[in-house]
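Please work through each task before reading its solution.

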Amino acid sequence: MSEAVDTAVAKAFRQEWGQVVATLIGLTGDWDLAEECAQDAFALALEKWRRDGVPDRPGAWLTTTARNRATDRLRREAVGAAKLRKLAVMSRLEAGVTEPAGTEEPAADEAAVSGVRDDRLRLIFTCCHPALALEAQVALTLRTLAGMTTSEIARAFLVPEATMAQRLVRAKRKIRNAGVPYRVPPAAVLPERTKGVLGVLYLLFNEGYAATAGADLVRRSLTAEAIRLARLLARLMPEDCEAAGLLALMLLHDSRHAARLDAAGDLVTLAEQDRTRWDGRRIAEGVGVLEAALRRGRPGPYQIQAAIVACHATAGSAADTDWEEIAALYGLLAEQVPSPVVELNRAVAVAMADGPAAAMGLLDALQASGALAGYYLLPATRADLLRRLGRVGEAVDAYREALDLAATDTERRFLARRLAETTATR
């Protein structure tokens, strides 16, 4: 029973955390209070559900419990008269209303002004306030809506956990001191927040597609939520080519999800994947969305990344992949978004197009710069190229370094296999 409840609470956290916190922030306007009360609700669920059983509607139970905690806090602090009136709206959950928590429509005037009718997407736009730096917008929203830990967000941004914790604290302080309102912005100012929203959805999808830590490489609940929100955003802003590009990128990546892991849950490389298991409808939709965006003649970073993934998704076999085109696209991407990760990916493409020796200089420069220190894919990529060049001893050392840095069990098992195979050839 205890194990079943633990599993149910973990599932509810993945599926409901963002909605519970979004609802409380919308009702109280207090970021810290919302997070703390949501955490209390999940902790209480472990206790109550073991005794009473898992409720039929976990999300409603969690939202009600978190709302009650917030009510108690506001009463104790004697600062909640107006907020308590807003919280009273949630009392209908206790009166037997059957709608799941968070499905209420926004106020008619609010939705009409903004055009944003989805609760979580509305809150993402609200959090991506121009008063905050872009990284702070993205990090705060990921922490609050996706339930990502500070360490997970730090790995996504390639910064130390302590640095990210300080950024989150400073951002919350700025929101509080500046009195940044938690409300849906008018439609006229939505475009100025789009860059932050796209960044949030991109990292949300990435965390689901290739988790930064834990036992599972893939977190389908996150990828599904990111795609859902990206569809809403693309419909909300049909003239924004990058919104379409991001949706296409997600769809094309997601088309391969069934082939990325084998029956044992181990990673299958792109070259070794069974392409008959790829989702043809997802590929066709992604390519169609991308082509429509590219026809407008304003290619941006998300469209370029989607074009790279489309090269893979539309190749009949690994041998048919147009690596020269992919290398060229990475070069274009590097011009628009200078990034060591982009340079690492470009090096991989160059190695496939022109041979591993042609890419070693790029990897040596990245290693010397220190820009990717602690990023396991740099030594993992070096190991692969060194192995292909016959420099087995150096490859073994690089695989060991990558294995020490990898954060997920799936990635560690994959690297351990590669290390064993390479060691056996010495």
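**Exercise 1: Helix packing**

The axes of helix α10 (residues 194-209) and helix α12 (residues 241-254) come within 11 Å of each other and cross at roughly 5°. Here helices are DSSP runs (H or I, at least four residues), numbered from the N terminus, and axes are lines fitted to C-alpha atoms over the stretch in contact, with angles from 0 to 180 degrees between N-to-C directions. The model is predicted: local features need pLDDT of at least 70, side-chain atom pairs count only at pLDDT 80 or more, and totals for chains, interfaces and linings use all residues. Residues are numbered from 1 along each chain as its sequence is written, and side-chain values use heavy atoms, without hydrogens and water.

Task: Classify the relative orientation of α10 and α12, and describe their contact.

Solution. 
1. Angles under 35 degrees count as roughly parallel, and α10 and α12 are therefore roughly parallel to each other.
2. With contact defined as heavy atoms within 4.5 Å, Leu198, Leu201, Tyr202, Phe205 and Tyr209 of α10 meet Glu242, Ala243, Leu246, Leu249, Met250, His253 and Asp254 of α12.
3. The residues of this contact comprise nine nonpolar, one polar and two charged.

Key: Helix = DSSP H or I, 4+ residues; strand = E, 2+ residues; numbered from the N terminus. Parallel < 35°, antiparallel > 145°, perpendicular 65-115°, else oblique. Nonpolar A, V, L, I, M, F, W, Y, C, P; charged D, E, K, R; others polar.
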